Amino acid sequence: MDTVTIKNLTKKFKEITAIDDLSLKIEKGKVTGLIGSDGSGKTTLIRLIIGLLLPDHGEISVLGLNPETQKDDLNKRIGYMPQKFGLYEDLTVIENLRLYADLKNVPYDFERLLEFTDLKKFQSRLTGALSGGMKQKLGLACVLLGSPEFLLLDEPSVGVDPISRRDLMQMVRDLISPETTVLWSTAYLDEAHSFDTAIVMNQGKVIYHGKPYDLAKTTEEFENKVIDLMGGYRKTSSQIAENYVPKNSDIEYTVVADNLEKVYGDFYAVKNNSFEIKKGEIFGLLGPNGAGKSTSFKMMCGLLKPTGGTARIMGIDITEDPEKARSNLGYMAQKFSLYESLTVKQNLDFFAEIYGIHNIDLKERVDEIIDIFGFSQIKNQKSRDLPLGFKQKLSLACALIHNPPILFLDEPTSGVDAITRREFWNHITSLAQKGVTVLVTTHFMDEAEYCNRISLFYKGETVAIGTPSALKERIHAKNMEEAFMKLILESKK
């Protein structure tokens with residue numbers, strides 16, 4: 001018996017077809033991965049399955065029930081974790097668990113969940129003070145209360161490091177019964193081989209449904225196969241890099257971190273952080289959630305005052321002249337940080353002006369950026385209405401509109417499709433060849449291979465630094481994901 005049966009399902013939002021005549025069966029007792037980028041239709045499909053959205057056309061059966069007419073009966077038998085799960089940040093861990101137990105009318109039997117999540121020693125900690133990975137574990141524990149027959153997890157591992165992602169999957173497999181069905185959505189193609197069955201979506205359609213190993217034997221090949229199914233990717237020269245005119249400078253090390261520290265009370269968010277990045281180098285900051293990567297970024301941008309130490313951007317001390325240091329930077333934040341009520345062109349105009357480009361020069365530069373990035377057809381659209389790939393492109397365009405010699409990119413490809421990721425890295429590597437220095441963070445371990453060197457962070461400190469090949473060789477790892485896990489586990493000891 002199948003847990004879910006879908007026939008000819010269609011869902012539109014105005015002119016956008018989110019689900020396009022989709023037929024699908026989800027097998028009972030299996031962990032099924034729903035894989036695709038933001039905008040591929042994953043969340044819409046999950047919401048249709050549990051009755052939060054109604055289809056325009058087609059049929060859905062879930063656990064033998066109709067989610068439209070039997071929603072209340074269905075809710076008693078499922079566990080649903082949306083992308084932004086409703087944990088109460090001003091409640092403690094144990095208070096959140098008690099609240100969800102009361103809502104589900106189940107006993108306060110949390111011992112096993114607290115053990116598996118490693119949250120036992122943090123029961124009295126406010127949820128808002130937990131790291132991203134710990135919050136996801138707590139959210140999952142709340143969803144698992146009452147032993148649901150069908151577990152639907154909408155990107156539970158988004159923005160979570162590889163170790164925490166592996167822990168989340170192990171937690172699910174260890175805590176569910178053999179009869180429980182799991183539908184786990186993700187944008188990470190490297191998670192495919194952890195599922196029993198993979199459903200790959202693109203533009204509202206299923207482009208692959210089967211065992212991951214039947215499509216590709218290894219994780220490294222899986223992305224290439226998916227790209228082929230999406231129509232393929234042909235690398236071309238980066239027009240962004242070709243039109244880039246970085247500042248001339250004789251400075252060899254354009255970014256220097258000198259014993260940077262950030263302390264909150266007794267807690268060291270960053271401790272004795274030191275490294276040097278050469279002109280034209282791609283330098284990766286890798287580490288688990290809460291390791292101190294974003295804190296380091298903010299200190300080095302002059303957005304957060306260090307407790308100790310300093311950083312120099314193009315030779316300028318960030319503690320002495322943060323504004324002048326920042327003028328040499330283009331910063332792309334982890335979350336979309338542009339003005340959503342402004343159009344594409346208005347965002348570009350605004351950022352050009354705050355970076356000191358005015359009058360005729362501003363108009364010429366904005367027109368050039370619109371042409372280079374292919375924004376002509378969407379320049380008058382509000383940025384809130386853009387697909388994620390275009391939002392990320394707009395963020396990058398605003399970060400480099402003033403031709404800075406240094407780019408700080410905080411998870412620039414999070415959530416975008418595999419082809420857009422390749423396009424982004426083509427631009428990044430081409431810019432580095434033009435002499436632009438790039439500091440980048442990512443949770444995609446295959447992207448770490450593009451870096452010239454990597455600093456691996458754990459608990460605010462650098463635990464390893466070197467080229468990707470040197471780090472893999474040091475720990476006898478076959479890829480960067482294995483190297484990441486082994487080096488972090490080694491540092492824990």
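1. Helix H1. The buried residues of H1 are Lys42, Thr43, Thr44, Leu45, Ile46, Leu48 and Ile49. Buried here means under 20% relative accessible area, exposed means over 50%, and partly exposed lies in between (1.4 Å probe, protein chains only). H1 spans residues 42–49 and is mostly covered, with seven of its eight residues buried. Helices (H or I, at least four residues) and strands (E, at least two) are DSSP runs, numbered from the N terminus.

2. Basis of the model. This is a predicted model, in which local features need pLDDT of at least 70 and side-chain atom pairs count only at pLDDT 80 or more, while totals for chains, interfaces and linings use all residues. Residues are numbered from 1 along each chain as its sequence is written, and side-chain values use heavy atoms, with hydrogens and water left out.

3. Positive phi outside glycine. Two residues deserve a look. Lys14 has a positive phi, near 55°, and is not a glycine. Lys14 sits in the loop between strand E1 (2–13) and strand E2 (16–27). Its relative accessibility is 80%, so Lys14 counts as exposed. Asn259, also a residue other than glycine, has a positive phi near 50°. Asn259 belongs to strand E10 (residues 253–264). With a relative accessible area of 40%, Asn259 is partly exposed.

4. Phe297 and Tyr331. There are 11 aromatic pairs in the structure. Rings of Phe, Tyr and Trp (its six-membered ring) pair if their centres lie within 6.5 Å; planes under 30 degrees apart count as stacked, over 60 as edge-to-face and the rest as tilted. One of the pairs joins Phe297 and Tyr331, tilted, at 6.1 Å centre to centre and 55° between the planes. This pair links distant parts of the chain: Phe297 is in helix H10 (residues 293–300) and Tyr331 in strand E15 (residues 329–332), 34 residues apart. Phe297 is buried at 0% relative accessible area, whereas Tyr331 is partly exposed at 26%. Ring pairs also bring in Phe408, giving a cluster of Phe297, Tyr331 and Phe408.

5. Tyr339 and Phe351. Tyr339 and Phe351 form a tilted aromatic pair, 6.5 Å centre to centre and with 45° between the planes. Tyr339 lies in the loop between E15 and helix H12 (344–354) and Phe351 in helix H12, so the pair ties together parts 12 residues apart in sequence. Phe351 is buried, with a relative accessible area of 13%. Tyr339 is partly exposed at 43%.

6. Glu340. What does Glu340 touch beyond its neighbours within four places in sequence? Its contacts there are Lys382, Ser383, Arg384 and Lys391, where contact means heavy atoms within 4.5 Å. Glu340 and Lys391 are 51 residues apart along the chain, and their C-alpha atoms are separated by 9.7 Å. Glu340 is placed in the loop between E15 and H12. Glu340 is partly exposed, at 35% relative accessible area.

7. H12 against H13. The axes of H12 and helix H13 (residues 359–372) come within 10 Å and cross at roughly 130°. Axes are lines fitted to C-alpha atoms, for helices over the stretch in contact, and angles run from 0 to 180 degrees between N-to-C directions. H12 and H13 are therefore oblique to each other. Angles under 35 degrees count as roughly parallel, over 145 as roughly antiparallel, 65 to 115 as roughly perpendicular and the rest as oblique. The H12 and H13 crossing is right-handed. A crossing is left-handed if the near helix is turned anticlockwise from the far one by less than a right angle, and right-handed if clockwise. On H12, Lys345, Leu348, Asp349, Ala352 and Glu353 make the contact; on H13, Leu362, Val366, Ile369 and Ile370 do.

8. H14 against H15. Helix H14 (residues 388–399) and helix H15 (residues 418–433) have axes that come within 11 Å and cross at roughly 15°. H14 and H15 are therefore roughly parallel. H14 passes H15 in a right-handed crossing. Gly389, Gln392, Lys393 and Leu396 of H14 meet Thr420, Glu423 and Phe424 of H15.

9. Charges over rings. Arg165 has its charged end over the ring of Tyr188, 3.9 Å from the ring's centre. A charge sits over a ring if NZ of Lys or CZ of Arg is within 6 Å of the ring centre and within 35 degrees of the ring normal. Arg421 lies over the face of Phe444, at 4.0 Å from the ring centre.
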